[in-house]
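Please keep the sequence and the structure in view while reading.

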Amino acid sequence: MTVRNRYLTIVAAAWVPCLALAVGFCLLMVRPQMQRGRELGAKLEETKRQYMVAQAAAKKEDQARLAETVEELRSRVSDFAVELEAAPDLVLEIAKLASDTGVGSFAMRPQSRQGLDTLSGSERLGEKRVEVGFTSRFGGFATFLNALERHRPVLFVESFTISHSRFQSTEPRVTMELALLVERPHGG
């Protein structure tokens with residue numbers, strides 16, 4: 001073995017462990033820091049995006065557009081739900097629909113005496129169920145049902161039964177279950 005080969009062997013024996021220590025240090029210390037740097041970079045980009053959205057929302061024309069959109073959505077909700085204070089008036093409207101369509105022996109009662117039933121997945125809407133009973137021939141029943149379905153805010157006809165006595169010559173008795181959507185107050 002020549003001096004040159006011997007010298008290279010000694011240098012290699014010294015440098016290989018140092019290189020192994022450097023690679024180990026990089027894997028144990030520097031790599032997690034690089035990963036954390038990438039995470040912080042992604043978080044910074046998300047924050048920049050949110051800042052841009054907030055800046056855009058602060059513009060007057062965008063605020064006006066958003067306010068218009070909110071008002072449009074509120075009006076759409078009013079097609080389906082009645083405010084809590086207006087619920088008794090809605091019951092009177094149902095009675096007026098019944099008298100206008102000519103059904104007889106009209107009676108109405110709430111299905112539960114307690115306030116609003118809760119709807120799953122909704123904080124702002126509650127449900128009130130009402131049972132309606134009346135006597136009518138099929139034409140009057142169909143007219144009343146059509147009037148209920150066309151009413152705004154929407155009245156949902158959950159179920160109905162029609163019964164007729166074989167022994168009496170009276171008109172058939174109809175019982176309907178109606179569901180009304182009611183907007184809860186902001187605090188409740």
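A residue is called buried when its relative accessible area is under 20%, exposed when that value is over 50%, and partly exposed in between, with a 1.4 Å probe and protein chains only. Helices (H or I, at least four residues) and strands (E, at least two) are DSSP runs, numbered from the N terminus. The model is predicted, with local features needing pLDDT of at least 70 and side-chain atom pairs counting only at pLDDT 80 or more, while totals for chains, interfaces and linings use all residues. Residues are numbered from 1 along each chain as its sequence is written, and side-chain values use heavy atoms, leaving out hydrogens and water.

The protein has four helices and six strands, which follow one another along the sequence as α-α-β-α-β-β-β-α-β-β. Of its 188 residues, 21% count as buried.

Strand β6 is largely enclosed by the rest of the structure, because eight of its 11 residues are buried. Its pairings are listed below, where two strands pair if DSSP finds at least two bridges between them.

| Partner of β6 | Sense | Bridges |
|---|---|---|
| β1 (residues 81–83) | parallel | three bridges |
| β4 | antiparallel | 11 bridges |
| β5 (residues 155–163) | antiparallel | eight bridges |

When neighbours within four places in sequence are set aside, L148 is in contact (heavy atoms within 4.5 Å) with I94, L97, L155, V157, M176 and L178.

The surface has a nonpolar patch as well, formed by L19, V23, F25, L27, L28, M29, V30 and M34, with about 810 Å² of accessible area together. Such a patch is made of residues with over 30% relative accessible area and no salt bridge, with nonpolar side chains (Val, Leu, Ile, Met, Phe, Trp, Tyr) joined within 5 Å; a salt bridge is a side-chain nitrogen of Lys or Arg within 4 Å of a carboxyl oxygen of Asp or Glu. Accessible areas come from the Shrake-Rupley method with a 1.4 Å probe, and for residues only the protein chains shown count as cover. One of the patch members, L19, lies in helix α1 (residues 3–58) and counts as exposed because its relative accessibility is 54%.

Key:
Patches are made of residues with over 30% relative accessible area and no salt bridge: like charges are joined within 9 Å, nonpolar side chains (Val, Leu, Ile, Met, Phe, Trp, Tyr) within 5 Å.
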